[in-house]
Amino acid sequence: MFVVAPSLTAVGPQAPLLSNSNFGPPEPKSFTELIHWCFLTQEPAWKRFLCHVGPGFMVSLAYLDPGNLETDLQAGSSHRYELLWVILIGLIFALIIQSLSANLGVVTGWHLAELCKAEYPTWVRICLWLLAELAVIAADIPEVIGTAFAFNLLFHIPVWVGVLITGSSTLLLLGLQKYGVRKLELLVALLVFTMAACFFIEMSIVKPPSKEVIHGLFVPSLSGSGATGDTIALLGALVMPHNLFLHSALVLSRNTPSSVRGIKDACRFFLFESGVALFVALLINICIVSVSGTICNSSKLSPDDSAKCSDITLDSSSFLLRNVLGKNSAVVYGVALLACGISSTITGTYAGQYIMQGFLDIKTKQWLRNLMTRSIAIVPSLIVAIIGGSSGAGRLIIIASMILSVELPFALIPLLKFSSSSNKMGENKNSIYIIWFSWILGFIIIGINIYFLSSKLVGWIFHNSMPIYASVLIAIVVFPLMLLYISAVIYLTFRKDTIKFALRGELQAVETDKSKVANHSSNEENKEQLV
């Protein structure tokens with residue numbers, strides 16, 4: 001089957017025509033005109049690169065959200081620097097798959113959710129859509145709880161009240177967006193990097209042993225108690241399924257030329273931009289783990305701080321910044337944490353919008369999409385906050401990260417298959433080295449997920465305190481679900497592509513041939529009229 005993607009030859013608004021004057025194209029008056037102006041003028045490569053900046057940094061916000069902060073703090077306090085290698089591998093893998101996601105959008109003109117809808121049968125498409133929506137909700141839970149913790153630190157209100165207030169923060173977010181989304185993103189980014197600067201200064205004060213940090217960064221180890229679970233949580237917090245849908249859609253906002261050079265330049269620029277953004281995210285994550293690991297394992301730690309380290313949460317970790325900020329550490333940390341929660345809702349909102357539009361072809365308004373996902377996320381957060389308090393809400397963040405890690409194959413496998421398929425990518429498909437590396441690393445992560453899920457569930461079923469009949473009933477339900485999970489992964493991996501897409505370059509060649517034929521016919525008619 002052969003499918004021609006609509007509007008592949010001109011993604012986004014049509015570029016303005018060149019001016020007839022000697023001064024070149026008109027000056028850009030808006031962001032959209034600026035993008036067109038970058039491609040119409042023969043500017044240096046660095047100026048054309050600046051026109052592509054945006055999607056990678058927007059996606060990188062998901063690697064600095066409250067979920068990452070929580071898992072980094074837990075990993076550092078429990079294992080010191082032992083799990084730094086997980087962050088390094090996770091972000092290297094994130095760079096690869098994010099660049100593949102960007103390339104997929106640039107080359108095909110479709111984002112990942114639209115390609116899944118066109119490729120898979122109806123029942124598979126519905127299942128993938130439900131899993132993608134669940135991933136967005138799981139990613140939104142840390143944002144809700146993190147924002148609630150920020151309200152707790154700033155105004156000393158209960159966490160469950162903060163969860164309710166967070167539900168209404170959507171209206172505030174929309175109110176700020178009317179002044180311009182880019183201004184809002186700049187403000188939030190400044191607050192987030194303020195927190196990052198505090199951790200960098202704190203690290204310079206506590207001075208973690210560089211040899212141990214480097215050893216933990218490059219030598220894999222899982223010797224500590226609960227290291228496997230924390231590894232899964234770290235990977236779940238770093239490599240998020242909804243980010244794969246988001247990045248392939250955000251790149252479509254750039255009016256990439258359909259020429260071979262235009263497509264390759266765009267892919268190269270987006271790769272470089274993602275590399276810079278994720279390198280910054282890597283440094284911040286390493287810094288947070290190092291500070292937490294050094295302070296929480298110090299021999300000079302006070303009994304009060306030692307108790308906080310044993311069950312560290314987002315709302316109790318402001319003491320890590322005490323050396324930098326003194327008594328104001330809780331206030332500044334709360335403001336930065338609030339910025340983390342608000343900024344990460346932007347990526348979740350956009351991802352949810354594109355997922356619903358791609359799978360169901362339903363284009364809901366942004367405020368409605370944001371309200372739906374955050375309202376659903378508030379329910380489990382509110383219940384856990386009321387029953388378990390701050391510690392229970394902190395554990396829910398870890399559980400949400402583990403859910404994201406378990407769901408990763410259902411976004412990762414379609415991305416790897418599409419980006420490696422000549423039917424989808426043509427000559428721009430992945431090289432054999434990228435194919436082998438991405439698939440091997442992807443299945444290592446998937447294998448760890450399956451092993452962890454299976455061992456934990458089986459161990460809990462056989463060693464819980466419930467009656468035997470209850471354990472048997474749970475096993476009857478759980479084991480078929482585990483088998484279904486493995487079968488779904490196998491199906492997505494080995495299913496053959498059935499849809500072939502007309503790529504931008506191919507459509508441009510067809511249009512060029514048609515133009516030549518039309519010009520030739522016009523010339524022949526003019527000759528006949530002259531005769």
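I began with Asp-497, which forms a salt bridge with Lys-424, the closest N and O atoms being 3.7 Å apart; by salt bridge I mean a side-chain nitrogen of Lys or Arg within 4 Å of a carboxyl oxygen of Asp or Glu. This pair links distant parts of the chain, since Asp-497 sits in the loop between helix 21 (468-494) and strand 2 (500-502) while Lys-424 sits in helix 19, 73 residues apart. Helices (H or I, at least four residues) and strands (E, at least two) are taken as DSSP runs, numbered from the N terminus.

Before going on, I noted that this is a predicted model, in which local features need pLDDT of at least 70 and side-chain atom pairs count only at pLDDT 80 or more, whereas totals for chains, interfaces and linings use all residues. I also noted that residues are numbered from 1 along each chain as its sequence is written, and that side-chain values use heavy atoms, with hydrogens and water left out.

**Accessibility of the pair.** I looked up both partners, using buried for under 20% relative accessible area, exposed for over 50% and partly exposed for what lies in between (1.4 Å probe, protein chains only). Asp-497 is partly exposed, because its relative accessibility is 22%, and Lys-424 counts as buried because its relative accessible area is 0%.

Arg-268 and Asp-265 meet through their side chains in a salt bridge of 2.7 Å, N to O. Both residues lie in helix 13, three residues apart, which is about one turn of the helix. Arg-268 is partly exposed at 45% relative accessible area, whereas Asp-265 is buried at 10%.

**Helix 10.** I asked myself which residues of helix 10 (residues 210-218) are buried. They are Val-213, Gly-216 and Leu-217. Seen down the helix axis, these buried residues fall within an arc of 100°, so they line one face of helix 10; the arc is that of the directions from the helix axis to the C-beta atoms. They pack against helix 5 (84-108) and helix 13 (260-296), contact meaning heavy atoms within 4.5 Å. The face turned away from the buried side carries the exposed residues Lys-211 and Phe-218.

**Asp-65.** I located Asp-65 in the loop between helix 3 (55-60) and helix 4 (66-79), and it counts as buried because its relative accessibility is 1%. Leaving aside neighbours within four places in sequence, Asp-65 is in contact with Met-240 and Ser-344.

**Cysteines.** How many disulfides does the structure hold? I found zero disulfides, taking a disulfide as a pair of cysteine sulfur atoms within 2.5 Å. Cys-116 is buried, with a relative accessible area of 1%, while Cys-127 is partly exposed at 41%.
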